[in-house]
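I opened this entry to record what I looked up in the structure, beginning with a pair of helices and ending with the ligand.

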Amino acid sequence: MTTSPLTPYPSPTFSFEFFPPKTDEGREKLRGVRERLARLDPAYFSVTFGAGGSTQAGTLEAVLEIQAAGNDAAPHLSCIGTDRGFVRELLTTYRSHGIRRIVALRGDLPSGSRGAGEFRYANELVAFIREETGDWFHIEVAAYPEFHPQAASARADLENFARKVKAGADAAITQYFYNPDAYFRFLEDVRALGVEAPVVPGIMPITNYSQLARFSDACGAEIPRWIRKRLESFGDDRDAIVAFGEEVVTRLCEKLLAGGAPGLHFYTMNRAEPTLALWRNLGLPGSE
Ligand code: FAD
């Protein structure tokens, strides 16, 4: 039986994640996506940050553009392969632009790169941000209801998560998942370890089966067999994949919100429509 350790949040918060576009065309397209999603009045937009160098300047650029348009923006900051001087400088830049939120991560070094830098795990980054900037930033960290692929064990991953929050994180966003029980059980376990911070489910719309299967293999997020089998059976029928994906993910969001999730964080993949479709199905305010 699934029981929620939370009382439902009176007003869940919603956020949308982008990755920094690499081309002028991508930037232009993202502008349009942001404008459509901004009408939903999210708590903030977040922008990913490529560990090991790629796209890092693009993160700041995208964050500043979101802010200039009047929305709160949270840069992700991954620490693997960096040092204290680099992170300090970045924090100073963010502060100088009035940015108050950060998503703090370890990141993954691209294969072939060498040298892990001065931070080994995200808890060290969180502690460093607090040491350097006190309470200036609202810090989100990553959570893994189906466990991080490199964790020594489920128990160790839960303890590592608790350590990361206790280092000073305010809240967490989960890796995506399609099994709500994994989320509710994760919450029970981390609450038992003394973590009271909100843990917001990360929601990945389903629009492309082969891409989703590739991501899921890499990040350890499970696509349940019954979903996989149905998606496979649609072959190249994109409309069928999108319609089925929409239905499955809408039901997932409904269960999460009904069970007390404090909000939803949408992995938009820089597209408006998949998130807007879920929004409409959920009957959330501001639907187009
Ligand atoms: P950590 O919390 O450091 O955990 C990593 C692993 O180490 C886990 O297996 C954990 O159990 C283990 N561990 C933690 N602490 C210890 C310890 N003290 N001793 C031993 N083991 C320990 N990646 C990017 O590069 N850029 C992004 O913008 C980005 N955004 C993301 C946003 C979200 C919401 C999520 C869920 C992930 C994101 N990622 C991003 C991916 C993330 O960087 C990877 O999943 C990475 O492998 C782990 O990062 P983390 O911050 O969770 O690491």
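This is a predicted model: local features need pLDDT of at least 70, side-chain atom pairs count only at pLDDT 80 or more; totals for chains, interfaces and linings use all residues.

Sorted by class, the residues of the contact between α9 and α10 are five nonpolar, two polar and two charged.

I next looked up the geometry of the pair: the axes of α9 (residues 238–258) and α10 (residues 273–282) come within 10 Å and cross at roughly 55°. The two helices are therefore oblique to each other.

I turned to the strands and found a closed barrel of eight, running β1-β2-β3-β4-β5-β6-β7-β8 with parallel pairing. From one strand to the next, the twist averages 30°. Helix α2 (residues 56–68) lies across β1 (13–18), β2 and β3, and runs at about 165° to β3.

Last, I looked up the ligand, which 25 residues surround, the closest being T48, H76, R106, A122 and A142. I noted that β3 (73–78), β4 (101–105), α4 (122–133), α5 (154–166) and β6 (171–176) each supply at least two residues of this shell, and that α5 gives the most, with four residues. By class, I recorded ten nonpolar, eleven polar and four charged residues in the shell around the ligand.

Terms used:
Residues are numbered from 1 along each chain as its sequence is written. Axes are lines fitted to C-alpha atoms, for helices over the stretch in contact, and angles run from 0 to 180 degrees between N-to-C directions. Angles under 35 degrees count as roughly parallel, over 145 as roughly antiparallel, 65 to 115 as roughly perpendicular and the rest as oblique. Ala, Val, Leu, Ile, Met, Phe, Trp, Tyr, Cys and Pro count as nonpolar, Asp, Glu, Lys and Arg as charged, and the others, Gly among them, as polar. A residue is near a molecule or strand if its C-beta atom, placed from the backbone, lies within 6 Å of it. Two strands pair if DSSP finds at least two bridges between them. Two residues are in contact if their C-beta atoms, placed from the backbone, lie within 7 Å.
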